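Please keep the model open while reading.

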Amino acid sequence: MFQSFYPKETAENAYEVDYKGLRARGYKAILYDIDNTLVEHNAPADDRSRALIEELKGLGFQILVLSNNKEPRVKSFADALQIPYIYKAAKPSIKQYQAAMVMLGSDEETTVLIGDQIFTDVWGANRAGMHSILVGQLAKHEEIQIILKRILERIVMREYEKVKAKEQRLNIKNDNLISIGGKTRITGLLGYPVEHTKSPLIHNTLAAFFGDDLAYVPFPVSPDDLEAAVKGAHALGILGLNVTVPHKSNVIPFLSEIDPLAGQVGAVNTLVRTVSGFKGYNTDLPGLSIAMRRAGFEIQGKNVLILGAGGAARAAAFMCAGEKPAKLLIANRSVDKAERIVEDIRNSGIMATENKDRDRDQDQETVISAVSLSDLCSVMSDDRFLAIQCTSVGLAPHDKDCVIDPGSDEGKAIFDSFDGGVDLIYKPAETVFLSEISKRGGKTMNGLAMLLYQGVIAYELFTGRWNGEISADEEVLNRIFSKL
Ligand code: NAP
């Protein structure tokens with residue numbers, strides 16, 4: 001309804017317009033309104049307007065002021081800037097817009113009008129067939145007749161914003177955009193909730209990179225619907241699924257098969273389709289391992305402290321146990337859960353398999369132990385530790401929290417014993433836990449790289465590419481990482 005009033009573009013003010021861009025698009029003439037566009041109402045030309053006009057002349061623009069004001073005001077302003085002018089232009093009448101184009105030797109295709117009012121500047125330019133740029137007015141206080149016009153302008157601009165938003169939606173510039181057809185395979189995520197997941201970015205970018213006809217969709221599934229969702233997903237031909245909180249353990253009874261390591265950890269985050277159902281894997285474990293290796297963290301021969309005993313801590317503890325640390329200490333608020341991990345690691349045989357060159361009994365007795373968080377300080381002695389923070393403490397929006405109180409004497413002593421630290425949390429990018437370690441000169445890493453690699457490994461499992469090493473190239477990984 002208001003189309004003839006809509007500007008072709010808008011800008012914060014006349015000084016924020018992309019003039020180089022206009023020149024590159026072939027525009028060579030600019031018609032300016034004066035009051036509240038180049039200067040405040042009735043103000044003389046100032047240094048800023050002079051500098052702008054000089055710059056525009058340098059870019060090769062022809063410039064003219066087109067004002068509804070009287071000659072003394074318009075002439076003195078234009079003379080100060082050494083540009084031609086038209087006064088009493090009667091905008092939005094198009095007569096003087098056309099006269100201006102004749103004076104500048106331009107035409108509708110190469111001329112731009114820049115002004116702060118819709119019903120004079122912009123409407124006239126649109127009717128004259130030239131490009132129009134509506135700019136924000138420079139003065140905050142305006143005369144009463146202008147204020148009334150502004151109310152009407154706001155109504156037009158509200159509609160304009162809706163049209164622009166729709167245009168933007170139709171003109172999606174998303175390099176992860178997937179075209180879905182009859183052969184597209186679906187992968188996805190089962191969790192509750194799933195709204196904030198970053199996995200679609202990882203999987204859909206990889207599908208575009210590898211040229212796989214795949215689409216990744218998050219599915220919110222409540223615990224009561226989990227079994228039906230897994231069976232239904234198989235019936236629907238879904239190729240693979242990630243599994244997140246709160247289903248990582250509860251999904252196991254509904255699988256046809258489980259990878260032995262995931263079985264030992266007791267949590268799966270990736271389901272891969274087989275003929276008879278889904279096979280469960282845990283890619284958090286190799287994801288963390290690759291992230292730490294690539295960031296230069298060594299575990300072999302070091303003392304490692306795992307903070308937490310939830311699903312992520314279990315994966316971290318099993319991963320570390322397999323890499324021959326000198327000591328593996330697991331500290332949790334509920335010590336029984338940490339003790340269970342220790343027991344499960346001992347029973348898994350992972351240390352016996354990996355630590356072939358050691359005495360197994362000695363490893364089990366001396367290397368790995370559990371402790372309550374409240375007793376942590378007393379068991380740490382003078383050893384130096386690499387600390388892996390796997391609790392949910394410090395996760396946004398509780399950014400100020402830390403599983404070890406950095407203000408207490410015990411907390412300070414604990415932080416002083418850390419050589420480096422990894423926090424599985426990636427939001428915020430630097431938790432209090434990591435900042436305390438880096439303050440002391442320790443090397444740190446957040447959980448973002450683990451998130452990326454666990455997703456990439458899941459993708460490669462879904463598509464049959466996984467052979468123990470990531471095959472996607474570094475450029476695509478860096479590109480995804482920068483967008484996470
Ligand atoms: P989880 O199974 O719910 O475990 C939560 C852990 O945090 C438990 O050890 C719990 O101790 C501890 N905890 C919670 N509140 C505490 C408090 N106030 N004081 C002390 N300890 C507290 O969760 P999860 O799946 O292991 O995830 C843990 C964290 O890792 C989350 O922040 C998650 O976002 C992150 N994560 C990151 C990635 C990644 O790719 N970067 C992957 C997985 C998980 P109790 O046992 O005593 O309750």
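Which residue follows α8, and what is its phi? G237 follows α8, and its phi is positive, near 80°.

## Basis

This is a predicted model: local features need pLDDT of at least 70, side-chain atom pairs count only at pLDDT 80 or more, and totals for chains, interfaces and linings use all residues. Residues are numbered from 1 along each chain as its sequence is written, and side-chain values use heavy atoms, with hydrogens and water left out.

## Helix α8

Helix α8 spans residues 226-235. Helices (H or I, at least four residues) and strands (E, at least two) are DSSP runs, numbered from the N terminus. L226, V230, A233 and H234 of α8 are buried. Buried means under 20% relative accessible area, exposed over 50%, and partly exposed in between (1.4 Å probe, protein chains only).

The buried residues of α8 line one face of the helix, because they fall within an arc of 100° seen down its axis. That arc is taken from the directions from the helix axis to the C-beta atoms. An α-helix has 3.6 residues a turn, so residues three or four places apart point the same way. A228, K231 and A235 are exposed, on the face turned away from the buried side of α8. The buried residues pack against four strands: β7 (185-191), β9 (240-243), β11 (270-273) and β12 (278-281). Contact here means heavy atoms within 4.5 Å.

## Cysteines

The whole structure holds 0 disulfides (cysteine sulfur pairs within 2.5 Å). For C377, the nearest cysteine sulfur is that of C402, 14 Å away. C377 is partly exposed, at 23% relative accessible area. C390 is in no disulfide either; the sulfur of C320 is its nearest, at 7.9 Å. C390 is buried, at 10%.

## Aromatic rings

A search of the whole structure finds 9 aromatic pairs. Rings of Phe, Tyr and Trp (its six-membered ring) pair if their centres lie within 6.5 Å; planes under 30 degrees apart count as stacked, over 60 as edge-to-face and the rest as tilted. F415 and F418 are edge-to-face, because their planes stand at 80°, with ring centres 5.7 Å apart. F415 is buried at 1% relative accessible area, and F418 at 3%.

F418 also pairs with F433: the centres are 6.1 Å apart and the planes at 55°, so this pair is tilted. The pair links strand β17 (residues 418-423) to helix α17 (residues 432-439), across 15 residues. Elsewhere, ring pairs join F5, F119 and W123 into a cluster.
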